[in-house]
Amino acid sequence: MIKINLDKEEYSGILKPKSSLFPKIWKNNKINPIVARKLMQIADEVIKSLELDVDEEDVIITGSIASYNWHNKSDIDLHIMYDFRKINDDVDLVKKMFDQTRINWNKKHNIMIAGKEVEIYFQDASETHEANGIWSLELEKWLALPVKLNPEIDTITASKKADAIAKSIDHLFDTYKEKKYKEVYDYSIKIKKKISNMRKSGLEEEGIFSPENIAFKMLRNSGNLQKLSSLKITAYDMMMSLELEESKINENKIWRNYLTREEN
């Protein structure tokens with residue numbers, strides 16, 4: 001089983017508010033214009049690659065890097081916002097397309113700005129986004145001003161939730177080793193939906209410091225979410241593959257990735 005660091009002191013330290021926003025990105029409560037231009041350049045390249053007939057609604061920065069709760073593990077969460085229904089009435093299909101684009105981009109690129117990795121996301125402009133700090137790169141202003149919050153974090157509940165899901169993912173990998181690829185693929189979808197619903201309900205009820213959202217961050221930081229996505233994709237490839245040699249290559253690849261994470 002992959003160990004998850006559930007140390008209360010560490011997570012309290014991560015979320016303890018700083019006296020100022022991350023100084024290498026924010027100056028006088030506004031984004032460094034050099035950083036803004038580079039982030040917009042990245043977003044423009046991604047948007048261009050989509051070849052959509054629909055314009056984006058906005059490009060925003062959010063997450064801990066846009067709040068007083070930034071820390072050494074913070075990424076730059078670059079959200080490209082679209083009205084999904086303008087692209088296709090089948091919103092689920094649009095989400096799947098964007099999810100695959102996001103995964104492929106983040107796998108291929110390792111862009112660092114001020115020592116922070118840039119992660120792209122696609123967000124439906126019609127959905128409510130709960131965050132302590134949202135900066136619009138296109139409007140050049142705060143959509144939600146960051147405030148200093150010093151919450152009481154329920155890491156005990158968060159730890160239990162994260163550990164339960166991590167054990168389910170480990171079970172999924174054991175099932176993969178038994179070559180039950182259809183079962184792995186179906187169950188991975190169920191787990192991903194469970195994680196998504198867990199985080200969504202936590203944000204809606206208690207906000208970004210809810211046990212559900214902290215559990216999500218624990219799973220993400222421990223590599224379990226990446227492991228889950230890899231299992232889902234590889235199980236599907238194995239289901240659809242007819243070339244035995246190619247299947248062996250795919251299987252060896254996920255084994256190497258898994259063992260590398262275990263060693264780290």
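Is E204 buried or exposed? E204 has 58% relative accessibility, so this residue counts as exposed (exposed is over 50% relative accessible area, buried under 20%, partly exposed in between, with a 1.4 Å probe and protein chains only). The model is predicted, with pLDDT of at least 70 needed for local features and 80 or more for side-chain atom pairs, while totals for chains, interfaces and linings use all residues. Residues are numbered from 1 along each chain as its sequence is written, and side-chain values use heavy atoms, without hydrogens and water.

E204 lies in helix α6 (residues 181-205). Helices here are DSSP runs of H or I with at least four residues, and strands are runs of E with at least two, numbered from the N terminus.

Strand β4 (residues 76-82) is mostly covered, with 7 of its 7 residues buried. I76, L78, I80 and Y82 point one way from β4, and D77, H79 and M81 point the other way. In a regular strand the side chains alternate between the two faces of the sheet.

| Partner of β4 | Sense | Bridges |
|---|---|---|
| β3 (residues 58-62) | antiparallel | 5 bridges |
| β6 (residues 116-124) | parallel | 7 bridges |

Within these pairings, L78 of β4 is the bridge partner of I61, and I80 stands opposite F122 in β6.

V147 sits in the loop between β8 (141-144) and α5 (155-177). V147 has a relative accessible area of 42%, so this residue is partly exposed. V147 and N132 are 15 residues apart in sequence, and their C-alpha atoms are 6.6 Å apart in space.

Key
Two strands pair if DSSP finds at least two bridges between them.
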